[in-house]
Amino acid sequence: DDVTYLNCAYMAPQLKAVTAAGVEAVGRKTLPWTITAADFFAPVEEIRGLVAALIGGDADGVALAPSAAYGITLAAENLPVGTGQRIVVLAEQFPSNVYPWTDLAARTGAEVVTVARPSDGDWTPAVLAAIDERTAVAALPHCHWTDGSKVDLGRVSAAVRQVGAALVVDASQSLGAVPFDVAEIRPDFLIAVAYKWLLGPYSLAYLWAAPDRRSGRPLEFGWSARAGSEDFARLVDYRDDYRPGARRYDVGETSDFVLLPMAAAALRQILDWGVERIAAATGALTSQITADAEALGLQAAPERLRGPHLLGVRLPSGAAAEVADRLRAAQVHVSVRGDSIRISPHLYNDLDDVGKLRDVLASAG
């Protein structure tokens, strides 16, 4: 109760159920004779189904990765990009969704076009203005990792389709906290890490590939992605064909006997709560934080331009680090991103936590 953790965008605390699942899983690994061939596949398939339910997609489209960078690199390797074409990203986008594209551009003669941060905080018109017949890929977040400012992916998707380009979405800072429907947005690839808003363990991420993007080239050529791999006795009967859907994109050793039970516990809880309810609850807190910040003469993005779960409060130049130190000393935990403090509550927070944040900000002048 003496800790106010407003930093889910950095790393979510583990749910008690997730920790319990991990402890049990570690114990089971001490008894390897109890782990059967079916245990290499059934937990993975459960994860696929849970992720599919979360995004309104199908389990065949889900692959497991170790990180967002892995999933975005896979997308970059499977999208046609040629000399003179453009890849659209946002200014100050998270590096994992930039480096694969700069590398691809360097190899193909394409150009990475960086959309400047708009003065009014509304990314969508700026992104739409950057998309034209030269665009091959729009590689975007659902909301910006520094301050929660959002992109209207529905409008962007329509513009991308009109020029025959592809849409790659990094939803690491939104999936699980903001509703997302792949049938509505129609991304070519969607990637999100497990350890933030999906409340799961580190070193795990989820990828969803559109139906016409599931026959591409994987980054790895592991055994479990091949058709018939469930029959361990015949693994040396090598096969060229893959298991159906996006399973070919799975990272090696997908059936992690510790991480997957933890991830499943987290996903089940999110689905039980409902993403819409999570968004409403966190939105009530960030609305109050916005009002408090404005009363103190500080700047925060308007609610209509950001996600309900994440906001940045801009401080005078050079003040953010000092204010963050004061917050930390008071056991109020946030992140510093540039001249802003990034605040990201979840269901373990309440208005008392918001009050503690306000009091420290007020005392900092």
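Colleague: Is Asp188 buried or exposed?
Modeller: Asp188 is buried, at 2% relative accessibility; buried means under 20% relative accessible area, exposed over 50% and partly exposed in between, with a 1.4 Å probe and protein chains only. This is a predicted model, where local features need pLDDT of at least 70, side-chain atom pairs count only at pLDDT 80 or more, and totals for chains, interfaces and linings use all residues. Residues are numbered from 1 along each chain as its sequence is written, and side-chain values use heavy atoms, leaving out hydrogens and water.

Colleague: Which side chain does Asp188 meet in a salt bridge?
Modeller: Arg213, at 2.8 Å from N to O. A salt bridge here is a side-chain nitrogen of Lys or Arg within 4 Å of a carboxyl oxygen of Asp or Glu.

Colleague: How many salt bridges are there in the whole structure?
Modeller: The search finds 23. One of them joins Arg28 to Asp39, with the closest N and O atoms 2.8 Å apart.

Colleague: Switching topic, what does Glu45 pair with?
Modeller: Glu45 forms a salt bridge with Arg48, and their closest N and O atoms are 2.9 Å apart. Arg48 is buried at 0% relative accessibility, whereas Glu45 is partly exposed at 26%.

Colleague: Which residues are linked with them in a network?
Modeller: Glu45 and Arg48 are in a network of salt bridges with Asp60, Glu230, Arg243, Arg247 and Asp250.
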